[in-house]
Amino acid sequence: MATIKDIAQKAGVSPATVSRVLNYDMELSVSQETRQKIFEVAENLNYTKHKNKKKEVMTFRLVQWYDGDEELADLYYLAIRLGIEKKAEELNIGLVKESLHHLSDQTTDGIIALGKFEAQEIHLLSLKNEPILFVDSDELIHGFNSLVVDFEQSIAQVVDFFVKTNHQKIGILSGLEYTKANHHEIVDRRLVYFKQALTQLKLTDQATFLQAPFSVEEGKRVMAEYLKAHEDYPTALFAASDALAIGAMQAITEHGLSVPADISIIGFNDISVAKYVSPSLSTVRVNTEWLGELAVNTLIDLIKEETPVPRKITIATELIIRESTRN
């Protein structure tokens, strides 16, 4: 396992700077470029990149809906992108990285569409007449191949753990996000399955439902506002991303409460910094690097053999228990 010292050495900064960046210290004065380098090194140290100078055998278009700043606010898509880049490099596949609204006329062998897209954006991609794989967006209903995370299984794991550790007052801090073109709100499927699970257990009346954009700052703001306005708080909280969970932990601590003694917290994704924050974050692990690698392999399969119908591949998750939850 990489250490803060290893990250500091690779990034060319001090261990103290690495520690403060990984803990999302908002008072640290450091450039966005340095932050990005630290986060990318932290992710990259989870694997050894294979260098290969052979001729490219294919070219894929990688279309992302997140820009660089948004990637740093929540490292989920950064980790998937690095997995895609790693596998493409291993297999000598060229990557043309483009934003949805700046698509080039270059012909590629296939498209990996990473993120959330609405109907007109999907249509725009389809005009390229190239095989398309949507990653982290279920577009099977529109007739496109999709690679997604099993949110239903994930939430079942979380709720089951909270119930088994004697929590009755359970809350969720779900994610709030919108499509880029028309600013349509995207339903957080984790919230849908969370409500279903609590309804089955007859725990809805004691539940807390919070919502915030996917960032540490917004998670902290929403949690702080809730604690200020309510004396009664959940003893267990699930956050729809690790960034939201880290922000919530900061707000809880500043309010004079303790994690996990007062509130147990579980995040989602298991980004590289989850094990470095204090207390270390319990989380639902999405194997994001492997998800990116699988996206490349799946698109290769789609190019080699056209299927009679589109497919949806659903990826299972794993609950990782660390210090932010009490047993």
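This is a predicted model: local features need pLDDT of at least 70, side-chain atom pairs count only at pLDDT 80 or more; totals for chains, interfaces and linings use all residues.
**Entry 1: Ser264**

Residues are numbered from 1 along each chain as its sequence is written, and side-chain values use heavy atoms, with hydrogens and water left out.

I placed Ser264 in strand β10, residues 264–269 (helices, H or I, of at least four residues and strands, E, of at least two are DSSP runs, numbered from the N terminus). Buried or exposed, I wondered about Ser264? Ser264 is buried because its relative accessible area is 0% (buried is under 20%, exposed over 50%, partly exposed in between, with a 1.4 Å probe and protein chains only). Leaving out residues up to four places away in sequence, I listed what Ser264 touches, including Phe162, His167, Leu237 and Arg326 (contact means heavy atoms within 4.5 Å).

**Entry 2: the largest pocket**

I then looked up the largest pocket, whose volume is about 610 Å³. Pockets are found on a 1 Å grid over the protein atoms alone, as an open set of points where a 1.4 Å probe fits, with protein on both sides within 12 Å along at least five of seven lines; lining residues have an atom within 4 Å of a point. The volume is the space filled by probe spheres set on the points, which are joined across faces, edges and corners.

Of its 24 lining residues, the closest to the centre are Lys116, Ser137, Asp138, Val187 and Arg189. Which helix or strand gives the most to the lining? I found α8, with 3 residues. By class, I noted 7 nonpolar, 4 polar and 13 charged residues in the lining (Asp, Glu, Lys and Arg count as charged; Ala, Val, Leu, Ile, Met, Phe, Trp, Tyr, Cys and Pro as nonpolar; the others, Gly among them, as polar).

**Entry 3: Arg189**

Arg189 is found in helix α8 and counts as partly exposed, at 39% relative accessibility. I also checked Arg189 against Phe151: they are 38 residues apart along the chain, and their C-alpha atoms are separated by 6.7 Å.

**Entry 4: overall**

I noted 11 helices and 13 strands, with 54% of the 327 residues buried.
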